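Biologist: I would like to learn how to read helix packing and pockets. Can we work through a case together?

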Amino acid sequence: MKAAVQISILCEDQARMGFKDKIFLAQHGFSAFVEAGAKILFDTGATDVFLHNAKLLGIDPAAADLVVLSHGHWDHSDGLKALAGRTDKKLRLLLHPGVFADRHKASGEYNGVGFTRQQIAQNFELVESEASCEVAPDVFFLGEIPRINDFEARRTPFFQVTGDRQVPDFILDDSALAIRTARGLVIVSGCSHAGICNIVQQARTVTGEDRLHAVLGGFHLLENPEQLERTVAFFETNRVEHLYPMHCTDLTALSRFHQQFKIRKLCAGDRITLGNA
């Protein structure tokens, strides 16, 4: 098990306070640099903002051993354009094959990644997996998340275009990372379209570890009071030492989590160390 995990937030909807020549940038989206033996770039945000913030933290995302996409939305993936070609060799890129779906908002506006599978394969060593897999010792890609809970991922405002048909898009490619540490699991989610509680349950199943040390990332709690309260109840029952909801978690949800769990809100530019024995 990992002695410690260091996570640096490279892109998030808010930025920590900088000063003069060290000003972190905020942007809607998510990206984190996970150091757990292996170096993993988890999501890339929408533009090159993650590179700007990484430089201020002394991180070179192009030195990652692996890049992982949580799911196929532009605000988690389109920063790949800025990463392409920054090294002599192709970086390995792990994702669920559903990432490349032709997906749209209810308004019809395109909501997917800004490039094709072929374009990605020209610049990255593409690895596609629906199944969970161990990507480094004690570090797991959770694959497609079973939708078990009756209060998560049951409705969607999105749709996919398949041939000449429009079908509901439940974003089945949504996934996460789980890391076994001496203190329990560290779980990193991009957006939690699959449901953050479903993700926690999948992490336990895949890793064989029940203890929860930290859960962080987008929790996708937006204007849904019932889901919010049942998620709070889940984490009251399934105690976690550290909860860090961010990105697609609205103010009402953040306030509720602070009220119940005294959370700390992480922002772009923040760096934390977890899992210390």
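**Helix packing and a pocket**

Modeller: This is a predicted model. Start with handedness: α6 and α7 cross in a right-handed sense.

Biologist: Which residues of α6 and α7 make the contact?

Modeller: From α6 come L228, E229, T231, V232, F235 and E236. From α7 come T252, A253, R256, F257, Q260 and F261. Sorted by class, this contact of α6 with α7 has six nonpolar, three polar and three charged residues.

Biologist: What describes two packed helices?

Modeller: The angle between their axes and the distance between the axes. Here helix α6 spans residues 225–237 and helix α7 spans residues 251–261. They pack at about 30 degrees, and their axes are 11 Å apart. Angles under 35 degrees count as roughly parallel, so α6 is roughly parallel to α7.

Biologist: At what angle do the axes of α5 and α6 cross?

Modeller: Roughly 30 degrees. Helix α5 covers residues 196–207, and its axis comes within 10 Å of the α6 axis. That angle makes α5 roughly parallel to α6. On the α5 side, I196, C197, V200 and Q201 take part. They meet T231, F234 and F235 of α6. By class, the contact of α5 with α6 has five nonpolar, two polar and no charged residues.

Biologist: Now the pocket. What shows where empty space is left?

Modeller: Rolling a probe the size of a water molecule over the atoms. In this model, the largest pocket holds about 830 Å³ of space. Its lining counts 39 residues, and F158, H193, H220, L221 and L222 are the closest to its centre.

Biologist: Which helix gives the most to the lining of the largest pocket?

Modeller: α2, with three residues. Helix α2 runs over 74–77, and α2 and α6 each supply at least two lining residues.

Biologist: How many residues of each class are in that lining?

Modeller: The lining of the largest pocket has 13 nonpolar, 15 polar and 11 charged residues.

Technical notes
Residues are numbered from 1 along each chain as its sequence is written. This is a predicted model: local features need pLDDT of at least 70, side-chain atom pairs count only at pLDDT 80 or more; totals for chains, interfaces and linings use all residues. Side-chain values use heavy atoms; hydrogens and water are left out. Axes are lines fitted to C-alpha atoms, for helices over the stretch in contact, and angles run from 0 to 180 degrees between N-to-C directions. Helices (H or I, at least four residues) and strands (E, at least two) are DSSP runs, numbered from the N terminus. Angles under 35 degrees count as roughly parallel, over 145 as roughly antiparallel, 65 to 115 as roughly perpendicular and the rest as oblique. A crossing is left-handed if the near helix is turned anticlockwise from the far one by less than a right angle, and right-handed if clockwise. Contact means heavy atoms within 4.5 Å. Ala, Val, Leu, Ile, Met, Phe, Trp, Tyr, Cys and Pro count as nonpolar, Asp, Glu, Lys and Arg as charged, and the others, Gly among them, as polar. On a 1 Å grid over the protein atoms alone, a cavity is a set of points where a 1.4 Å probe fits but cannot get out, and a pocket is an open set with protein on both sides within 12 Å along at least five of seven lines; lining residues have an atom within 4 Å of a point. Grid points are joined across faces, edges and corners, and a volume is the space filled by probe spheres set on the points.
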